[in-house]
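Subject: Structure handover

Hello,

Please find the structure below. My notes on it follow.

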Amino acid sequence: MSAILIIFYVLAAITLSTAFLTIYSKNPIHSAIYLVICFFSIAGHYLLFNAQFLAIVHIIVYSGAIMILFLFTIMLMNLNKEDEVHKPRITRLGAIVVFCVLSAVLITIFINSKTIVGDYDTTGEDFQSIKKLGKILLNEYMVPFEFASVLLLVAMIGTVLLSKKEKTNK
Amino acid sequence: MDSAFIIEKSIFIVVIFAITMIMAMYSTWAERKVAAYLQDRVGPNRAGWGGLLQPLADGMKLFAKEEFEPNTKNKFLFFVGPAIAMSTALMTSAVIPWGDKLELFGRTVILQATDTDSALLYVFAVVSLGVYGIMIGGWASNNKFSLMGAVRAASQMVSYEVAMGLSIIALLMMTGSLSLKEISVQQAGMDWNVFYQPLGFFIFLICAFAETNRTPFDLAECESELIGGYHTEYSSMKMGFYLFAEYANMFISATIISVLYFGGYNYPGMSWAVENWGVNIGNVIGIFALFAKLCFFIFFFMWIRWTIPRFRYDQLMNLGWKILIPLSIVNIIITGICILAFK
(Lines give C-alpha, C1' and ligand atoms only; values in the text may rest on other atoms or scores of the structure.)
Protein backbone atom coordinates (compact mmCIF):
# COMPACT_ATOMS: atom_id res chain seq x y z
CA MET A 1 0.00 0.00 0.00
CA SER A 2 1.47 3.31 -0.99
CA ALA A 3 1.92 6.13 1.48
CA ILE A 4 -0.69 8.27 -0.24
CA LEU A 5 -3.29 5.53 0.05
CA ILE A 6 -2.59 5.18 3.78
CA ILE A 7 -2.90 8.94 4.22
CA PHE A 8 -6.16 8.86 2.27
CA TYR A 9 -7.63 6.15 4.50
CA VAL A 10 -6.60 7.96 7.66
CA LEU A 11 -8.07 11.24 6.40
CA ALA A 12 -11.26 9.57 5.24
CA ALA A 13 -11.67 7.90 8.64
CA ILE A 14 -11.19 11.25 10.38
CA THR A 15 -13.62 13.02 8.03
CA LEU A 16 -16.38 10.44 8.46
CA SER A 17 -16.00 9.95 12.20
CA THR A 18 -15.90 13.67 12.99
CA ALA A 19 -18.84 14.29 10.67
CA PHE A 20 -20.87 11.69 12.60
CA LEU A 21 -19.68 13.06 15.94
CA THR A 22 -20.81 16.53 14.83
CA ILE A 23 -24.34 15.22 14.64
CA TYR A 24 -24.25 12.89 17.62
CA SER A 25 -22.57 14.98 20.32
CA LYS A 26 -25.02 16.53 22.75
CA ASN A 27 -23.02 19.67 23.43
CA PRO A 28 -23.33 22.19 20.56
CA ILE A 29 -19.80 23.50 21.16
CA HIS A 30 -18.37 20.00 20.86
CA SER A 31 -20.31 19.63 17.61
CA ALA A 32 -18.78 22.82 16.26
CA ILE A 33 -15.27 21.71 17.22
CA TYR A 34 -15.78 18.33 15.53
CA LEU A 35 -16.94 20.18 12.44
CA VAL A 36 -13.73 22.23 12.47
CA ILE A 37 -11.66 19.02 12.57
CA CYS A 38 -13.82 17.67 9.72
CA PHE A 39 -13.03 20.75 7.64
CA PHE A 40 -9.33 20.27 8.32
CA SER A 41 -9.39 16.71 7.07
CA ILE A 42 -11.23 17.87 3.93
CA ALA A 43 -8.42 20.39 3.38
CA GLY A 44 -6.09 17.40 3.65
CA HIS A 45 -8.04 15.68 0.87
CA TYR A 46 -7.56 18.76 -1.32
CA LEU A 47 -3.83 18.59 -0.65
CA LEU A 48 -3.84 14.97 -1.80
CA PHE A 49 -5.31 16.20 -5.09
CA ASN A 50 -2.40 18.65 -5.36
CA ALA A 51 -4.83 21.55 -4.94
CA GLN A 52 -2.76 23.63 -2.56
CA PHE A 53 -4.60 26.89 -3.11
CA LEU A 54 -7.99 25.28 -2.59
CA ALA A 55 -6.82 23.60 0.63
CA ILE A 56 -5.48 26.82 2.14
CA VAL A 57 -8.48 28.90 1.09
CA HIS A 58 -10.75 26.22 2.53
CA ILE A 59 -8.96 26.54 5.88
CA ILE A 60 -9.03 30.35 5.78
CA VAL A 61 -12.71 30.62 4.87
CA TYR A 62 -14.32 27.70 6.70
CA SER A 63 -12.11 27.03 9.71
CA GLY A 64 -10.70 30.53 10.04
CA ALA A 65 -13.78 32.65 9.56
CA ILE A 66 -17.11 30.84 9.37
CA MET A 67 -16.57 28.33 12.16
CA ILE A 68 -15.14 30.98 14.47
CA LEU A 69 -18.29 33.06 14.05
CA PHE A 70 -20.32 29.89 14.60
CA LEU A 71 -18.49 29.08 17.84
CA PHE A 72 -18.85 32.68 18.85
CA THR A 73 -22.61 32.63 18.46
CA ILE A 74 -23.03 29.28 20.20
CA MET A 75 -20.90 30.41 23.14
CA LEU A 76 -22.98 33.55 23.55
CA MET A 77 -26.31 31.75 23.25
CA ASN A 78 -25.64 29.58 26.30
CA LEU A 79 -27.67 26.58 25.15
CA ASN A 80 -28.86 24.33 27.94
CA LYS A 81 -30.55 20.97 28.05
CA GLU A 82 -33.74 22.55 29.35
CA ASP A 83 -34.06 24.74 26.27
CA GLU A 84 -33.90 21.80 23.89
CA VAL A 85 -36.85 21.60 21.57
CA HIS A 86 -38.76 18.35 21.96
CA LYS A 87 -39.98 17.24 18.59
CA PRO A 88 -43.26 15.30 18.30
CA ARG A 89 -43.13 11.60 17.52
CA ILE A 90 -44.53 12.00 14.00
CA THR A 91 -41.66 14.28 12.99
CA ARG A 92 -39.13 11.73 14.22
CA LEU A 93 -40.89 8.95 12.31
CA GLY A 94 -40.95 11.09 9.18
CA ALA A 95 -37.24 11.83 9.55
CA ILE A 96 -36.42 8.13 9.81
CA VAL A 97 -38.50 7.28 6.72
CA VAL A 98 -36.93 10.08 4.68
CA PHE A 99 -33.46 9.02 5.77
CA CYS A 100 -34.05 5.40 4.73
CA VAL A 101 -35.42 6.39 1.31
CA LEU A 102 -32.59 8.81 0.67
CA SER A 103 -29.90 6.35 1.68
CA ALA A 104 -31.50 3.65 -0.52
CA VAL A 105 -31.36 6.03 -3.48
CA LEU A 106 -27.75 7.00 -2.77
CA ILE A 107 -26.60 3.40 -2.29
CA THR A 108 -28.19 2.27 -5.56
CA ILE A 109 -26.53 5.20 -7.34
CA PHE A 110 -23.12 4.22 -5.97
CA ILE A 111 -23.61 0.55 -6.83
CA ASN A 112 -24.79 1.19 -10.38
CA SER A 113 -22.32 3.93 -11.25
CA LYS A 114 -19.29 2.92 -13.28
CA THR A 115 -15.86 4.32 -12.74
CA ILE A 116 -15.19 6.57 -15.70
CA VAL A 117 -11.78 7.78 -14.61
CA GLY A 118 -9.47 6.89 -17.47
CA ASP A 119 -5.77 7.42 -17.79
CA TYR A 120 -4.41 10.80 -16.86
CA ASP A 121 -2.97 13.06 -19.55
CA THR A 122 0.13 15.01 -18.69
CA THR A 123 -0.31 18.51 -20.02
CA GLY A 124 2.93 19.82 -18.54
CA GLU A 125 1.07 22.68 -16.90
CA ASP A 126 1.31 23.42 -13.21
CA PHE A 127 -2.31 23.59 -12.11
CA GLN A 128 -1.26 24.33 -8.54
CA SER A 129 -0.08 27.81 -9.43
CA ILE A 130 -2.31 30.67 -8.36
CA LYS A 131 -1.42 32.65 -11.48
CA LYS A 132 -2.99 30.02 -13.72
CA LEU A 133 -6.09 29.78 -11.55
CA GLY A 134 -6.52 33.55 -11.47
CA LYS A 135 -6.17 33.88 -15.23
CA ILE A 136 -8.76 31.16 -15.87
CA LEU A 137 -11.18 32.61 -13.31
CA LEU A 138 -10.96 36.16 -14.57
CA ASN A 139 -10.82 35.42 -18.33
CA GLU A 140 -12.81 32.32 -19.12
CA TYR A 141 -15.18 32.37 -16.17
CA MET A 142 -15.31 36.11 -15.68
CA VAL A 143 -19.11 36.51 -15.71
CA PRO A 144 -20.00 33.68 -13.27
CA PHE A 145 -17.17 34.82 -11.01
CA GLU A 146 -18.50 38.37 -10.88
CA PHE A 147 -22.04 37.09 -10.36
CA ALA A 148 -20.87 35.05 -7.39
CA SER A 149 -19.24 38.09 -5.83
CA VAL A 150 -22.37 40.19 -6.41
CA LEU A 151 -24.40 37.43 -4.74
CA LEU A 152 -22.15 37.57 -1.68
CA LEU A 153 -22.43 41.36 -1.59
CA VAL A 154 -26.21 41.16 -1.76
CA ALA A 155 -26.25 38.64 1.10
CA MET A 156 -24.03 40.92 3.18
CA ILE A 157 -26.11 44.05 2.59
CA GLY A 158 -29.30 42.09 3.24
CA THR A 159 -28.01 40.90 6.61
CA VAL A 160 -27.04 44.40 7.64
CA LEU A 161 -30.44 45.70 6.59
CA LEU A 162 -32.30 42.97 8.47
CA SER A 163 -30.32 43.36 11.66
CA LYS A 164 -30.56 47.13 11.67
CA LYS A 165 -33.13 48.38 14.12
CA GLU A 166 -35.99 50.35 12.67
CA LYS A 167 -36.54 53.75 14.11
CA THR A 168 -39.51 53.68 16.44
CA ASN A 169 -41.92 56.59 16.37
CA LYS A 170 -42.48 58.06 19.78
CA MET B 1 13.65 12.63 -2.57
CA ASP B 2 17.01 11.58 -1.17
CA SER B 3 17.63 11.06 2.50
CA ALA B 4 20.21 13.87 2.67
CA PHE B 5 17.47 16.32 1.70
CA ILE B 6 15.16 15.02 4.41
CA ILE B 7 17.94 15.22 7.04
CA GLU B 8 18.84 18.72 5.91
CA LYS B 9 15.25 19.93 6.18
CA SER B 10 14.70 18.23 9.54
CA ILE B 11 17.81 19.85 11.02
CA PHE B 12 16.73 23.18 9.61
CA ILE B 13 13.23 22.89 11.09
CA VAL B 14 14.62 21.92 14.51
CA VAL B 15 16.99 24.89 14.42
CA ILE B 16 14.17 27.27 13.49
CA PHE B 17 12.03 25.82 16.30
CA ALA B 18 14.86 26.35 18.79
CA ILE B 19 15.48 29.89 17.60
CA THR B 20 11.79 30.78 17.85
CA MET B 21 11.66 29.44 21.41
CA ILE B 22 14.83 31.24 22.44
CA MET B 23 13.64 34.48 20.86
CA ALA B 24 10.29 34.15 22.64
CA MET B 25 12.11 33.47 25.93
CA TYR B 26 14.39 36.44 25.64
CA SER B 27 11.54 38.67 24.46
CA THR B 28 10.10 38.32 27.94
CA TRP B 29 13.42 39.50 29.35
CA ALA B 30 13.65 42.30 26.78
CA GLU B 31 10.11 43.40 27.56
CA ARG B 32 10.98 43.84 31.23
CA LYS B 33 14.17 45.66 30.40
CA VAL B 34 12.42 47.99 27.93
CA ALA B 35 9.62 48.63 30.41
CA ALA B 36 12.17 49.37 33.10
CA TYR B 37 14.09 51.71 30.82
CA LEU B 38 10.95 53.60 29.80
CA GLN B 39 9.86 53.95 33.44
CA ASP B 40 13.32 54.89 34.71
CA ARG B 41 13.90 51.66 36.64
CA VAL B 42 16.60 48.98 36.48
CA GLY B 43 14.52 45.92 35.65
CA PRO B 44 15.60 42.33 36.34
CA ASN B 45 19.26 42.32 37.39
CA ARG B 46 19.73 39.54 39.94
CA ALA B 47 19.72 36.30 37.94
CA GLY B 48 22.87 36.28 35.83
CA TRP B 49 24.53 39.26 34.20
CA GLY B 50 21.94 41.98 33.60
CA GLY B 51 19.21 39.50 34.55
CA LEU B 52 19.94 37.33 31.49
CA LEU B 53 19.01 34.14 33.34
CA GLN B 54 15.65 35.58 34.39
CA PRO B 55 13.63 33.78 31.64
CA LEU B 56 15.06 30.43 32.79
CA ALA B 57 14.15 31.22 36.37
CA ASP B 58 10.64 32.17 35.26
CA GLY B 59 10.29 28.93 33.34
CA MET B 60 11.44 26.93 36.37
CA LYS B 61 8.94 28.78 38.52
CA LEU B 62 6.06 28.11 36.11
CA PHE B 63 6.91 24.39 35.94
CA ALA B 64 7.05 24.15 39.71
CA LYS B 65 3.70 25.89 40.32
CA GLU B 66 0.66 23.95 41.37
CA GLU B 67 -1.60 23.03 38.49
CA PHE B 68 -5.09 24.25 39.16
CA GLU B 69 -8.05 22.82 37.30
CA PRO B 70 -11.42 24.56 37.44
CA ASN B 71 -14.57 22.58 38.03
CA THR B 72 -15.44 21.96 34.41
CA LYS B 73 -16.76 19.09 32.35
CA ASN B 74 -14.45 19.97 29.49
CA LYS B 75 -11.11 18.90 30.94
CA PHE B 76 -9.84 17.88 27.53
CA LEU B 77 -10.67 21.20 25.87
CA PHE B 78 -9.20 23.04 28.84
CA PHE B 79 -6.00 21.12 28.23
CA VAL B 80 -6.07 21.54 24.44
CA GLY B 81 -6.52 25.35 24.44
CA PRO B 82 -2.93 26.35 25.29
CA ALA B 83 -1.59 23.59 23.04
CA ILE B 84 -3.43 25.03 20.03
CA ALA B 85 -2.25 28.55 20.89
CA MET B 86 1.35 27.39 21.08
CA SER B 87 1.36 25.22 17.96
CA THR B 88 -0.28 27.84 15.75
CA ALA B 89 2.29 30.35 16.99
CA LEU B 90 5.10 28.03 15.90
CA MET B 91 3.64 26.83 12.58
CA THR B 92 4.11 30.05 10.62
CA SER B 93 7.89 29.91 10.66
CA ALA B 94 7.80 27.10 8.07
CA VAL B 95 7.42 29.39 5.07
CA ILE B 96 9.66 32.30 6.11
CA PRO B 97 12.87 32.72 4.13
CA TRP B 98 15.53 33.30 6.79
CA GLY B 99 18.27 33.83 4.24
CA ASP B 100 19.11 33.11 0.63
CA LYS B 101 21.32 29.99 0.62
CA LEU B 102 24.46 28.52 2.13
CA GLU B 103 27.00 26.13 0.67
CA LEU B 104 27.76 23.46 3.24
CA PHE B 105 29.48 20.09 2.60
CA GLY B 106 29.19 20.58 -1.16
CA ARG B 107 25.41 21.06 -1.00
CA THR B 108 23.36 24.18 -1.52
CA VAL B 109 21.22 24.66 1.55
CA ILE B 110 18.23 26.91 0.97
CA LEU B 111 17.45 28.74 4.19
CA GLN B 112 13.71 28.15 4.12
CA ALA B 113 11.81 25.14 5.35
CA THR B 114 9.44 25.11 2.38
CA ASP B 115 8.81 27.50 -0.47
CA THR B 116 5.21 27.08 -1.55
CA ASP B 117 3.44 29.07 -4.19
CA SER B 118 0.87 30.27 -1.67
CA ALA B 119 3.10 30.95 1.34
CA LEU B 120 1.40 34.20 2.27
CA LEU B 121 -2.03 32.54 2.25
CA TYR B 122 -0.61 29.83 4.49
CA VAL B 123 0.49 32.51 6.95
CA PHE B 124 -3.04 33.92 6.91
CA ALA B 125 -4.58 30.51 7.45
CA VAL B 126 -2.39 29.85 10.48
CA VAL B 127 -2.99 33.34 11.90
CA SER B 128 -6.74 32.88 11.63
CA LEU B 129 -6.47 29.55 13.47
CA GLY B 130 -4.74 31.24 16.40
CA VAL B 131 -8.16 32.37 17.62
CA TYR B 132 -9.17 28.77 18.40
CA GLY B 133 -6.61 28.41 21.16
CA ILE B 134 -7.96 31.47 22.92
CA MET B 135 -11.65 30.70 22.31
CA ILE B 136 -11.55 27.04 23.32
CA GLY B 137 -9.42 27.76 26.37
CA GLY B 138 -11.59 30.67 27.42
CA TRP B 139 -14.80 28.73 27.04
CA ALA B 140 -13.57 25.53 28.70
CA SER B 141 -12.45 27.51 31.76
CA ASN B 142 -16.11 27.72 32.79
CA ASN B 143 -15.65 31.26 33.98
CA LYS B 144 -17.55 34.36 32.84
CA PHE B 145 -14.46 36.55 32.75
CA SER B 146 -12.57 34.02 30.69
CA LEU B 147 -15.45 33.75 28.24
CA MET B 148 -15.70 37.53 27.94
CA GLY B 149 -11.97 37.75 27.28
CA ALA B 150 -12.15 34.99 24.69
CA VAL B 151 -15.12 36.57 22.90
CA ARG B 152 -13.39 39.93 22.84
CA ALA B 153 -10.18 38.43 21.49
CA ALA B 154 -12.01 36.49 18.80
CA SER B 155 -14.11 39.38 17.54
CA GLN B 156 -11.09 41.66 17.55
CA MET B 157 -8.94 39.22 15.61
CA VAL B 158 -11.66 38.43 13.07
CA SER B 159 -12.30 42.12 12.39
CA TYR B 160 -8.65 43.09 12.02
CA GLU B 161 -7.94 40.14 9.75
CA VAL B 162 -10.11 41.81 7.09
CA ALA B 163 -8.08 45.03 7.06
CA MET B 164 -4.85 43.02 7.18
CA GLY B 165 -5.86 40.98 4.13
CA LEU B 166 -6.86 44.10 2.21
CA SER B 167 -3.56 45.84 3.00
CA ILE B 168 -1.73 42.76 1.72
CA ILE B 169 -3.69 42.79 -1.55
CA ALA B 170 -2.16 46.16 -2.46
CA LEU B 171 1.28 44.68 -1.87
CA LEU B 172 0.48 41.62 -3.94
CA MET B 173 -0.63 43.79 -6.85
CA MET B 174 2.95 45.09 -6.94
CA THR B 175 4.87 41.87 -6.34
CA GLY B 176 2.63 39.60 -8.39
CA SER B 177 3.54 36.64 -6.23
CA LEU B 178 2.44 35.08 -2.96
CA SER B 179 5.75 33.33 -2.34
CA LEU B 180 7.68 35.02 0.48
CA LYS B 181 10.96 33.96 -1.13
CA GLU B 182 10.10 35.76 -4.35
CA ILE B 183 8.93 38.85 -2.47
CA SER B 184 12.31 38.92 -0.68
CA VAL B 185 14.24 38.46 -3.92
CA GLN B 186 12.35 41.34 -5.56
CA GLN B 187 13.50 43.69 -2.80
CA ALA B 188 17.22 43.20 -3.44
CA GLY B 189 19.38 46.19 -2.64
CA MET B 190 17.44 49.01 -1.02
CA ASP B 191 14.35 48.41 -3.14
CA TRP B 192 12.17 47.87 -0.07
CA ASN B 193 8.41 47.65 -0.42
CA VAL B 194 7.83 50.12 2.40
CA PHE B 195 8.91 52.96 0.09
CA TYR B 196 6.16 52.04 -2.37
CA GLN B 197 3.54 51.01 0.17
CA PRO B 198 3.83 53.33 3.19
CA LEU B 199 0.08 53.35 3.82
CA GLY B 200 -0.18 49.59 3.39
CA PHE B 201 2.68 49.10 5.82
CA PHE B 202 1.02 51.35 8.36
CA ILE B 203 -2.27 49.44 8.17
CA PHE B 204 -0.47 46.10 8.33
CA LEU B 205 1.49 47.21 11.40
CA ILE B 206 -1.65 48.26 13.27
CA CYS B 207 -3.36 44.99 12.36
CA ALA B 208 -0.31 43.03 13.50
CA PHE B 209 -0.65 44.68 16.91
CA ALA B 210 -4.31 43.69 17.03
CA GLU B 211 -3.67 40.12 15.87
CA THR B 212 -1.05 39.52 18.55
CA ASN B 213 -3.33 41.03 21.21
CA ARG B 214 -0.73 43.54 22.27
CA THR B 215 -1.36 46.94 23.82
CA PRO B 216 -3.09 49.20 22.73
CA PHE B 217 -5.32 46.31 21.59
CA ASP B 218 -4.98 43.97 24.58
CA LEU B 219 -8.61 44.24 25.61
CA ALA B 220 -8.78 40.47 25.76
CA GLU B 221 -6.76 40.50 28.97
CA CYS B 222 -7.79 43.85 30.29
CA GLU B 223 -6.89 43.51 33.99
CA SER B 224 -9.08 46.29 35.33
CA GLU B 225 -12.21 44.79 33.74
CA LEU B 226 -11.63 41.10 33.20
CA ILE B 227 -9.08 39.96 35.85
CA GLY B 228 -6.77 38.11 33.44
CA GLY B 229 -8.92 37.65 30.36
CA TYR B 230 -9.07 34.25 28.72
CA HIS B 231 -6.30 32.77 30.86
CA THR B 232 -7.78 33.71 34.24
CA GLU B 233 -8.26 30.07 35.24
CA TYR B 234 -4.94 28.84 33.92
CA SER B 235 -1.93 28.27 36.10
CA SER B 236 1.46 26.64 35.94
CA MET B 237 2.89 25.82 32.50
CA LYS B 238 -0.50 26.02 30.73
CA MET B 239 -0.56 29.71 31.51
CA GLY B 240 3.12 29.80 30.54
CA PHE B 241 2.15 28.41 27.13
CA TYR B 242 -0.35 31.23 26.56
CA LEU B 243 2.21 33.85 27.52
CA PHE B 244 4.87 32.15 25.48
CA ALA B 245 2.57 31.92 22.45
CA GLU B 246 2.05 35.67 22.64
CA TYR B 247 5.79 36.30 22.44
CA ALA B 248 6.27 33.71 19.71
CA ASN B 249 3.48 35.43 17.75
CA MET B 250 5.20 38.74 18.24
CA PHE B 251 8.46 37.31 16.93
CA ILE B 252 6.72 35.82 13.89
CA SER B 253 4.77 38.97 13.04
CA ALA B 254 7.93 41.09 13.40
CA THR B 255 9.56 38.68 10.93
CA ILE B 256 6.65 38.86 8.49
CA ILE B 257 6.71 42.67 8.63
CA SER B 258 10.43 42.76 7.89
CA VAL B 259 10.12 40.20 5.08
CA LEU B 260 7.14 41.86 3.41
CA TYR B 261 8.06 45.51 3.74
CA PHE B 262 11.69 45.83 4.81
CA GLY B 263 13.53 43.62 2.35
CA GLY B 264 13.83 40.45 4.42
CA TYR B 265 17.41 39.23 4.44
CA ASN B 266 18.53 41.84 1.89
CA TYR B 267 20.95 44.52 2.94
CA PRO B 268 22.65 47.25 0.90
CA GLY B 269 25.61 45.82 -0.98
CA MET B 270 24.54 42.19 -0.57
CA SER B 271 25.41 41.15 -4.13
CA TRP B 272 28.85 42.74 -3.72
CA ALA B 273 29.44 40.88 -0.46
CA VAL B 274 28.34 37.58 -2.01
CA GLU B 275 30.71 38.09 -4.94
CA ASN B 276 33.77 39.20 -3.00
CA TRP B 277 33.46 37.45 0.36
CA GLY B 278 31.87 34.22 -0.82
CA VAL B 279 28.33 32.91 -0.70
CA ASN B 280 28.45 31.79 2.92
CA ILE B 281 29.69 35.01 4.50
CA GLY B 282 27.46 37.20 2.35
CA ASN B 283 24.38 35.21 3.28
CA VAL B 284 25.21 34.87 6.97
CA ILE B 285 25.34 38.66 7.09
CA GLY B 286 21.92 38.53 5.40
CA ILE B 287 20.54 36.35 8.21
CA PHE B 288 21.90 38.83 10.74
CA ALA B 289 20.36 41.70 8.76
CA LEU B 290 16.95 39.98 8.98
CA PHE B 291 17.39 39.43 12.70
CA ALA B 292 18.42 43.05 13.23
CA LYS B 293 15.27 44.19 11.44
CA LEU B 294 12.97 41.89 13.34
CA CYS B 295 14.60 42.74 16.67
CA PHE B 296 13.88 46.36 15.93
CA PHE B 297 10.22 45.51 15.36
CA ILE B 298 10.04 43.47 18.56
CA PHE B 299 11.45 46.49 20.34
CA PHE B 300 8.85 48.63 18.57
CA PHE B 301 6.06 46.37 19.85
CA MET B 302 7.34 46.86 23.40
CA TRP B 303 7.94 50.56 22.94
CA ILE B 304 4.29 51.03 21.92
CA ARG B 305 3.09 48.84 24.79
CA TRP B 306 4.70 51.06 27.40
CA THR B 307 3.78 54.32 25.68
CA ILE B 308 0.17 54.17 24.52
CA PRO B 309 -2.76 53.35 26.81
CA ARG B 310 -5.41 50.82 25.94
CA PHE B 311 -8.32 51.59 23.61
CA ARG B 312 -11.91 51.34 24.68
CA TYR B 313 -13.74 48.47 23.01
CA ASP B 314 -16.01 50.59 20.80
CA GLN B 315 -13.01 52.69 19.76
CA LEU B 316 -11.24 49.51 18.76
CA MET B 317 -14.14 48.33 16.60
CA ASN B 318 -14.56 51.79 15.05
CA LEU B 319 -10.88 51.91 14.18
CA GLY B 320 -11.00 48.47 12.61
CA TRP B 321 -14.19 48.70 10.57
CA LYS B 322 -14.66 52.40 9.89
CA ILE B 323 -11.10 53.63 9.43
CA LEU B 324 -8.70 50.83 8.56
CA ILE B 325 -10.87 48.95 6.05
CA PRO B 326 -11.87 52.02 3.97
CA LEU B 327 -8.25 53.21 4.18
CA SER B 328 -6.92 49.93 2.85
CA ILE B 329 -9.48 49.96 0.00
CA VAL B 330 -8.29 53.47 -0.88
CA ASN B 331 -4.75 52.12 -0.77
CA ILE B 332 -5.69 49.38 -3.25
CA ILE B 333 -7.20 51.95 -5.63
CA ILE B 334 -4.14 54.22 -5.39
CA THR B 335 -1.83 51.27 -6.01
CA GLY B 336 -3.89 50.26 -9.05
CA ILE B 337 -3.72 53.77 -10.51
CA CYS B 338 0.03 53.96 -9.90
CA ILE B 339 0.63 50.58 -11.54
CA LEU B 340 -1.40 51.69 -14.58
CA ALA B 341 0.43 55.03 -14.78
CA PHE B 342 4.03 53.91 -14.27
CA LYS B 343 4.24 50.48 -15.85
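Before the helix pairs, a word on geometry: axes are lines fitted to C-alpha atoms, for helices over the stretch in contact, and angles run from 0 to 180 degrees between N-to-C directions. This is a predicted model, in which local features need pLDDT of at least 70, side-chain atom pairs count only at pLDDT 80 or more, and totals for chains, interfaces and linings use all residues. Residues are numbered from 1 along each chain as its sequence is written, while chains are lettered from A and ligands numbered from 1 in the order in which they are written. Helices (H or I, at least four residues) and strands (E, at least two) are DSSP runs, numbered from the N terminus.

Chain A

The axes of helix H2 (residues 28-48) of chain A and helix H3 of chain A come within 9 Å and cross at roughly 175 degrees. H2(A) and H3(A) are therefore roughly antiparallel (under 35 degrees counts as roughly parallel, over 145 as roughly antiparallel, 65 to 115 as roughly perpendicular, the rest as oblique). Residues are in contact if their C-beta atoms, placed from the backbone, lie within 7 Å. Contacting residues of H2(A) include Leu35(A), Phe39(A) and Ala43(A), and those of H3(A) include Ile59(A), Tyr62(A) and Phe70(A). By class, the contact of H2(A) with H3(A) has 20 nonpolar, three polar and no charged residues (Ala, Val, Leu, Ile, Met, Phe, Trp, Tyr, Cys and Pro count as nonpolar, Asp, Glu, Lys and Arg as charged, and the others, Gly among them, as polar).

The domain assignment of chain A gives domain 1 (1-86) and domain 2 (130-163), with bounds that come from an automatic or database assignment. Taken over C-alpha atoms, the centres of these two domains are 25 Å apart.

Interface

On chain A, 18 residues are in contact with 17 residues of chain B. Helix H3 (residues 52-77) of chain A supplies the largest share of the chain A side, 14 residues. That side divides into 13 nonpolar, five polar and no charged residues.

Chain B

Helix H5 (residues 144-175) and helix H7 (residues 198-211) of chain B have axes that come within 9 Å and cross at roughly 155 degrees. That makes H5(B) roughly antiparallel to H7(B). H5(B) passes H7(B) in a left-handed crossing (left-handed if the near helix is turned anticlockwise from the far one by less than a right angle, right-handed if clockwise). Among the residues that meet are Tyr160(B) and Met164(B) in H5(B), and Ile203(B) and Phe204(B) in H7(B). This contact of H5(B) with H7(B) divides into 11 nonpolar, three polar and one charged.

Helix H9 (residues 236-261) and helix H11 (residues 279-305) of chain B pack at about 120 degrees, with axes 8 Å apart. H9(B) and H11(B) are therefore oblique to each other, and the crossing is right-handed.

Strand S1 (residues 101-104) and strand S2 (residues 107-110) of chain B run antiparallel and are joined by four bridges; two strands pair if DSSP finds at least two bridges between them. Glu103(B) stands opposite Thr108(B), and Leu104(B) has Arg107(B) as its bridge partner. The hairpin has two residues between the strands, and Phe105(B) takes a positive phi near 50 degrees there.

Regards

Key:
Two residues are in contact if their C-beta atoms, placed from the backbone, lie within 7 Å.
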